[in-house]
Amino acid sequence: MLLRIAVRNVARGWRRSLIVLLSIGVGLSGCLFVVAWSKGLVHQMADNAVKIQLAHMAVQAPGYRDNPDVRYNLPDYDAIAKTARSQAGVHASPRLRGEGLVQTARKSVLAVMIGVRPGDEAEVSVVPSSIVEGSFLRTGSGARRLPPVVIGVKMAGEMRAEIGDKLVLHVPGDAGLGAFRVSGLYRTASSEFDGVAVFLRLRDAQRLFGVGDAATEVAIVLDDEKTVDAVQARLQEALGSGVEVLTWRERARRLASMLDLMGDLSWIFYATVFVAMAFGIANTMLMAVYERLREFGVMRSLGLSRARLMMLIALESAALTLAGTGIGLGTGFALVGWLGKRGIDLSMFSDALESYGIGTRVFLHAGWEDALTPLALALVTGVVAAVWPGVRAIRMRPAEALRRA
Amino acid sequence: MADAVMQAVNVTKDYETRAVTTRALDDVSLDVTRGEFSALAGPSGSGKTTLLNMLGTIDAPTSGIVRIDGDDVTAMSEAERSDLRLEKLGFIFQSYNLIPVLSATENVEFVLLLQGLGARERRARAEEVLVELGLGDLLAKRPTEMSGGQQQRVAVARAIASNPSIVLADEPTANLDSRTAESLLDLMLRMNGERGVTFLFSTHDRRVMDRARRIVQLVDGRIASDESRP
């Protein structure tokens, strides 16, 4: 019944309640928008990194993670890929990845060379489907029959290279020199990646780096990302301790930390909003308490204890705050849901966004935790905001409260 | 007095403002025995409501002792006084003071809730008392949908629903027309007769004083006279 009284009192002072509800609603939906925006940016960055180069996980030789040198390689990469593919919903692509120099007649740049099998790579990466000109590692014919390479649009621009142009790749070591012809240009959401990554066929890369029939990693993508941990454990067990099965979070720790940080930062956003709201709610509750001192005096005369009166005021404050939170979350999630599907076109900032691997359309991202956090904070804020008005109410003797007009 | 349900012993009450101290009660002693139907009478400012509040434990004397059923309430904690009010006292106020967001039934239920009764039992008991007082057609009405007389009858129902041994009524007829006031007094007399509930009024309403079996006259915070009638 105390809850019923609390809720009805919120409705009774509807004008005042409405102002508080709207301020909580607008503040919270705005906060949710900012959080979803920030999370959307970081999630997109991580999602693109996974789709472009990281994959959900990778099998590597021990030592490669700390020192990514082609010496740390996997001679039995085909068997590893086969073991991975034997699991349902798992796609695998062997890669040989090393650093070197790309050179044209006019210019040379540092690059990451990635040797792949085009068919396998198409199952784990978006690069083969991101070709904007030419083809992905298809060999030319006749006099132009040099091994194909695919470079990013950004690198092509920097080197003034076009389809059909010859490139020379240099890598450290004895063998490391080879002539290639540009067979395709790709463009991904990450201009940084487009500026440094050069794709070539796995066997050409093996020849260039002089590692024999080996790869530095087997990239693995799952149909269901949620099974990452389970698949990692199964694969590690199946492949033994001679290799490392690493998730993208383990390989790209900084990116994973950014994602985690966004979760922590959202707490700070919400807490800031609710601290500001607490003063408004306390002020409203204080007014409500002063208006109803006589009513509280009656209740106390009838035998309502101080603790229960405090609880009544706290319930009222919490009901008001939770209702405002409901409005804020409802509005906020509707907005975030809509913009999460539609995205926000930020092509005017494309250079900056693509350099972070985000893409020009930002899709807002919010999860269930973005509802739970404000709900928990609302409850705490509602109760805390009631303390001051509540103390004012319970400190008064019933007779003194009854004398109030 | 052996059968005193309420006792004020040398009670003094001062109200202090920044500049002035006003003595509302000056060394007042009074015994109220079980089953009385009594009135504290006197002009405005004579201290009758203050004395009623002291006896009802909703205010504390500056000096002196108040006892309910022999227990010194001035020595009790606020929580103990709350429990005592809940268990033994019922209140009726001049301006009804029903809880505006609750219906007639819920207003009566409120006291029963504080006594710890379950929802079903509360509802049944509240409706029973309201029907007994002739308010069966007002069960779902809120205070704003009732006349003053109806609200005061609901207030009486609320005061007696918890089966208190004492009902304290502060100017209960002040805002009522004659017919409604008479009807309400009849009702309270009936409660007094049938249930043995002790009624103590503060009033300057002649109709109340005519029916009271004891009239304690207060003047300037002191008892000027104390008359009992058969």
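Put together, chain B and chain A bury about 2400 Å² between them, and 61% of that lies on carbon and sulfur atoms; buried area here is the accessible area (1.4 Å probe) that two parts lose on being put together, summed over both. This is a predicted model, in which local features need pLDDT of at least 70, side-chain atom pairs count only at pLDDT 80 or more, and totals for chains, interfaces and linings use all residues. Residues are numbered from 1 along each chain as its sequence is written, chains are lettered from A and ligands numbered from 1 in the order in which they are written, and side-chain values use heavy atoms, with hydrogens and water left out.

On the chain B side, 29 residues are in contact with 24 residues of chain A, contact meaning heavy atoms within 4.5 Å. The rule finds three salt bridges across this interface, a salt bridge being a side-chain nitrogen of Lys or Arg within 4 Å of a carboxyl oxygen of Asp or Glu. R300(A) and E78(B) make a salt bridge, with their closest N and O atoms 2.8 Å apart. There are also eight residue pairs in polar contact between chain B and chain A, both residues at pLDDT 80 or more. A polar contact is a pair of N or O atoms within 3.5 Å; within protein, one must be able to donate a hydrogen and the other to accept it, and residues adjacent in sequence count only if both atoms are side-chain atoms.

As for where the chain B side comes from, helix 2 (78-88), helix 3 (104-114) and helix 4 (119-132) of chain B each supply at least two residues. Helix 3 of chain B gives the most, with six residues. Helices (H or I, at least four residues) and strands (E, at least two) are DSSP runs, numbered from the N terminus. Sorted by class, the chain B side has 14 nonpolar, five polar and 10 charged residues. Ala, Val, Leu, Ile, Met, Phe, Trp, Tyr, Cys and Pro count as nonpolar, Asp, Glu, Lys and Arg as charged, and the others, Gly among them, as polar.

Now for the chains themselves. Chain B holds seven helices and 10 strands. Its radius of gyration is 17 Å, which agrees with the value near 17 Å for a compact globule of 230 residues; the radius is taken over C-alpha atoms, and the globule rule is 2.2 Å times the number of residues to the power 0.38. Chain A has 16 helices and 12 strands. A compact globule of 405 residues would come out near 22 Å, but chain A has a radius of gyration of 31 Å. The C-alpha atoms of chain A fill a box of roughly 105 × 45 × 30 Å along the principal axes.

Chain A is divided into domain 1 (2-50 + 256-403) and domain 2 (62-242), with bounds from an automatic or database domain assignment. Taken over C-alpha atoms, the centres of these two domains of chain A are 49 Å apart. Eight residues of domain 1 are in contact with six residues of domain 2.
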